[in-house]
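These are my notes from going through one model, entry by entry. I wrote down what I looked up and what I found.

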Amino acid sequence: SQYVGSPQNAAGTHYLVGDLHQRTTSVTTRVNYAFTTALTLQGYAQPFVSAGHYASIGEVVRPDAARLSDRVRSFNGMERTTSADGAQLTLASAGGPLRVDNPDFNVGDFNANVVLRWEYRPGSALFVVWNQRRAIDDSGLTGAVDELSRELARAPAASVFLLKWSHYFGR
């Protein structure tokens, strides 16, 4: 069981835990190519997508109980409602309803770097660097890895270009 939140109502603070079902996919790729000893190209790419859904959520009623079923009272489907926009979760509990942010999540991240290095004379080099990052954080998606990957590819990109020059002034 994973911690979900600790909302309050008239009966006091309630500690919520849930059964997290999570699917995560990631790949890290590196490519190095040397055109000559003085000219190289390096590439790095890392896509990452993860979706999590809390199949059941329960309230800790007896934290010192030996068995999980005695420690946590699970909310059934009739006691659990989600707001129209999917952002809030309302649970029926003694002392009034409990409201928490919906703990379900869909996240994705993509990072890529390409570096071209040219050593135009011994000890002196020019680096041309390109970096790109894309990210999504949308709990409204279904959580399918292929859907998250497509959304990540369509997400706005933040790209950075960089030039670095180092020159050795010695003989």
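Entry 1. Before reading any strand partners, I noted the rule I would need: two strands pair if DSSP finds at least two bridges between them. I also noted that this is a predicted model.

Entry 2. I checked the confidence first. The chain has a mean pLDDT of 89, and 96% of its residues reach 70 or more. Among the elements, I found the highest mean pLDDT, 97, in strand β5 (residues 29-34). The lowest, 83, belongs to helix α2 (residues 145-154).

Entry 3. I looked up a sheet. In what order do the three strands of the open sheet lie? I read the order as β8-β9-β10, with antiparallel pairing. The edge strands are β8 (80-82) and β10 (98-101), each of which pairs on one side only. From one strand to the next, the twist averages 25°.

Entry 4. I went on to the pair β9 and β10. How many bridges join strand β9 (residues 88-91) to β10? I found four, and the two strands run antiparallel. That meets the rule of at least two bridges. Within this pair, Leu 91 stands opposite Leu 98 of β10. Thr 90 has Arg 99 in β10 as its bridge partner.

Entry 5. I followed the chain from β9 to β10. The two strands form a hairpin with six residues between them. In the turn, Gly 95 has a positive phi of about 95°.

Entry 6. I sorted the side chains of β10 by face. In a regular strand, side chains alternate between the two faces of the sheet. For β10, I listed Leu 98 and Val 100 on the covered face. Arg 99 and Asp 101 are on the uncovered face.

Entry 7. I picked Ser 93, which lies in the loop between β9 and β10. Is Ser 93 buried or exposed? Its relative accessibility is 15%, and the cut-off for buried is under 20%, so I wrote it down as buried. Leaving out residues up to four places away in sequence, Ser 93 touches Asn 9, His 14, Glu 59, Arg 73, Phe 75 and Leu 98. With Glu 59 there is also a polar contact between side chains, at 3.4 Å. Leu 98 was already in my notes as the residue opposite Leu 91.

Entry 8. I turned to Arg 73, one of the residues that Ser 93 touches. Arg 73 lies in strand β7 (residues 72-74). At 31% relative accessibility, Arg 73 counts as partly exposed. Which residues is Arg 73 in contact with, leaving aside neighbours within four places in sequence? I listed Gly 58, Glu 59, Val 61, Glu 79, Ala 92 and Ser 93. The side chain of Arg 73 makes a polar contact of 3.3 Å with the side chain of Glu 79. I also looked up Ile 57, which is 16 residues from Arg 73 in sequence and 8.5 Å away in space, C-alpha to C-alpha.

Entry 9. Val 61 came next, as one of the contacts of Arg 73. I found Val 61 in the loop between β6 (39-60) and α1 (68-71). Val 61 is partly exposed, at 44% relative accessibility. Apart from neighbours within four places in sequence, Val 61 is in contact with Asp 70, Arg 71, Val 72 and Arg 73. I then took a distance from Val 61 to Arg 117, which is 56 residues away along the chain. Their C-alpha atoms are separated by 61 Å.

Entry 10. I went back to β5. Six bridges join β5 to β6, and the two run antiparallel. A hairpin connects them through four residues. Arg 30 has Tyr 44 in β6 as its bridge partner.

Entry 11. I searched the whole structure for aromatic pairs and found two. Why is the pair of Tyr 33 and Phe 35 edge-to-face? The ring centres are 4.9 Å apart and the planes stand at 75°; the cut-off is over 60 degrees, so the pair is edge-to-face. Tyr 33 is partly exposed at 49%, and Phe 35 is partly exposed at 44%. The other pair, Trp 118 and Tyr 120, is tilted, with 5.5 Å centre to centre and 50° between the planes. Trp 118 is partly exposed at 44%, and Tyr 120 is partly exposed at 27%.

Methods: Residues numbered from 1 in each chain as written. Predicted model: local features only at pLDDT ≥ 70, side-chain atom pairs only at ≥ 80, totals over all residues. Heavy atoms only, no water. Axes fitted to C-alpha atoms, helices over the stretch in contact; angles between N-to-C directions. Buried < 20%, exposed > 50% of the residue type's maximum accessible area, 1.4 Å probe, protein only. Polar contact = N/O pair within 3.5 Å; in protein donor to acceptor, adjacent residues only side chain to side chain. Contact = heavy atoms within 4.5 Å. pLDDT = per-residue confidence, 0-100. Phe/Tyr/Trp six-rings, centres within 6.5 Å; stacked < 30°, edge-to-face > 60°.
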